[in-house]
Every structure is written in structure tokens, then in C-alpha cells.
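Work through the exercises below with the structure open. Try each task before reading its solution.

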Amino acid sequence: MSGCRKRCKRELLKFAQYLLRLITGSLHPDSVEDEMETATARHRPETLELLEAQSKFTKKELQILYRGFKNECPSGIVNEETFKEIYSQFFPQGDSTTYAHFLFNAFDTDHNGCVSFEDFVMGLSILLRGTVQEKLNWAFNLYDINKDGYITKEEMLDIMKAIYDMMGKCTYPVVKEDAPRQHVETFFQKMDKNKDGVVTMDEFIESCQKDENIMQSMQLFENVI
């Protein structure tokens, strides 16, 4: 691993810690000011001002996130391999490789094989502070693996298997091997209203909005950070 990639990995872990502290409200105002002061020398004001206008983060938050994402690694780019390495540290009890791949593709909106700070901020803005519609659109994009505008049963099963693999079999001691397929069969039938074998965005959103558990998860981080 190159020195830059090692630094990127370290700073991304710091970024995750910043995000967690922001979410839990444990980031002290003084530390925000300290981080902002340090980050000011590194950030590009015109870029952050544009991101402030486009996202739902404040300038102070963007400066903190920027430093955690890009400090000591001027490229400011995260490739898929680094993304997988970071995720493996969050889920050491399972295999997060496949899910990290799918999540990376969802953040990589221009499909150029890397996630920039701008890509990451816009994704986080939707996931943490977006409307229910925006979050569901983002989730649909995650499940639509080949980006053709439809979710197939196979795509949904691939995502579900990846989630089970990531959480680790030890987390599900009573879950059978075919549990992901059974879950998908049930949920896909509810979503595929016209029974044509694919789920459109409208079908996906309508079904999710009628599912109380999904709606509660969508609202989990609203107005928290």
C-alpha cells in the first residue's frame, strides 16, 4: 500500500469518527472551531461554498468533513479497493467486500471508478438529511445494480446476500442458507405490482412508503446532525 493510500485510509477512519460524533451530538463546539481553523488552510472555498449550496451541510460541517476526507492525500479520491478496506474494519465478523462494491457504485454517481469528496458529501447529504423521496431514490439506485432503471429479483437477491455476508453468519445463528432468497421472494412480490418481473422506481417508492419498518429507518437520522 502506498504512503498516500495509507494516509487516505487513516484519514477516512478519522472521517468516520467525525461523522459518528456529529450524528451522536458528541462533537464539542470548541473542537468544531479547532477543526475548522485547521481545515481552512486546506479547503477550496469556492468548492465548499458550492457544496454548501447543493448539499444540506453547513460550511463548518463541510470543512470538518473535508479535512477528515482529504488531509495528507491531495488527490482527494477514494478508489473501490480502499473503500472495501475501510468497510472490512467496520464489519470484521463478516465479508463486506460485495456490499462495499455495491455501495461504492452507488456513491460513484458519474461511474468513473472513484469517489471524490463531492460524491461522498452529496450521498451523505441525501442519506442523513434528504427527504424520504430523495432517500428512496438513492436506495433504488443502490439496488439497480446495472443502472438500467429497473430492479430485478436477481439484483435484489445480490444485495441481500451481500448484506447477510457482511453481517456475518455468527450474527444470524438461526438463519438458514436460503433466508436471503426467501426474504427477496416475499418483498419482491409486494413490489412488483404489475407482475412483469421487474420493479420500477415508482413501484419501489410506493411499496417502501407503505412499509412501516422501512419508513422508520428512513427517518432515523433526520435532523439529528
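**Exercise 1. The core**

Task: Find which residues touch the most other members of the largest nonpolar core.

Solution. The model is a predicted one. Its largest nonpolar core has 49 residues. Those touching the most other members are Phe83, Tyr87, Leu103, Phe117, Leu142, Met156 and Phe204. Next, take Leu103 and set aside its neighbours within four places in sequence; the contacts left are Phe83, Tyr87, Trp138 and Leu142. In soluble globular proteins, nonpolar side chains tend to be buried together.

**Exercise 2. The chain as a whole**

Task: State how many helices and strands the chain has, and what share of its residues is buried.

Solution. Start with secondary structure: there are 12 helices and 4 strands. Then turn to burial: 44% of the 225 residues count as buried. The accessible surface of the chain is about 11,900 Å², and carbon and sulfur atoms account for 53% of that surface. Last, consider contacts between residues at least 6 apart in sequence: 65% of these join residues at least 24 apart.

**Exercise 3. Cysteines**

Task: Determine how many disulfides the structure holds, and classify Cys114 and Cys208 as buried or exposed.

Solution. A search of the whole structure gives 0 disulfides. For the classification, the cut-off is under 20% relative accessible area for buried. Cys114 has 16%, so Cys114 is buried. Cys208 has 2%, so Cys208 is buried.

**Exercise 4. Salt bridges**

Task: Count the salt bridges, then examine the pairs Lys59–Glu49, Glu61–Arg129 and Lys210–Glu206.

Solution. The count is 6 salt bridges. Side chains of opposite charge can pair when their charged atoms come close.

- Step 1: In the salt bridge between Lys59 and Glu49, the closest N and O atoms are 3.6 Å apart. The pair links helix α4 (residues 59–70), which holds Lys59, to helix α3 (residues 45–54), which holds Glu49. Lys59 is partly exposed at 30% relative accessible area, and Glu49 is partly exposed at 41%.
- Step 2: Glu61 forms a salt bridge with Arg129, with the closest N and O atoms 3.0 Å apart. Glu61 lies in helix α4 and Arg129 in helix α7 (residues 117–129), 68 residues apart. Glu61 and Arg129 are both buried.
- Step 3: For Lys210 and Glu206, the closest N and O atoms of the salt bridge are 3.1 Å apart. The cut-off for exposed is over 50%. Lys210 has 61% relative accessibility, so Lys210 counts as exposed. Glu206, at 36%, is partly exposed.

Key. Residues are numbered from 1 along each chain as its sequence is written. This is a predicted model: local features need pLDDT of at least 70, side-chain atom pairs count only at pLDDT 80 or more; totals for chains, interfaces and linings use all residues. Side-chain values use heavy atoms; hydrogens and water are left out. A nonpolar core is a set of buried Ala, Val, Leu, Ile, Met, Phe, Trp, Tyr and Cys residues joined through side-chain atoms within 4.5 Å. Buried means under 20% relative accessible area, exposed over 50%, partly exposed in between (1.4 Å probe, protein chains only). Contact means heavy atoms within 4.5 Å. Helices (H or I, at least four residues) and strands (E, at least two) are DSSP runs, numbered from the N terminus. Accessible areas come from the Shrake-Rupley method with a 1.4 Å probe; for residues, only the protein chains shown count as cover. A disulfide is a pair of cysteine sulfur atoms within 2.5 Å. A salt bridge is a side-chain nitrogen of Lys or Arg within 4 Å of a carboxyl oxygen of Asp or Glu.
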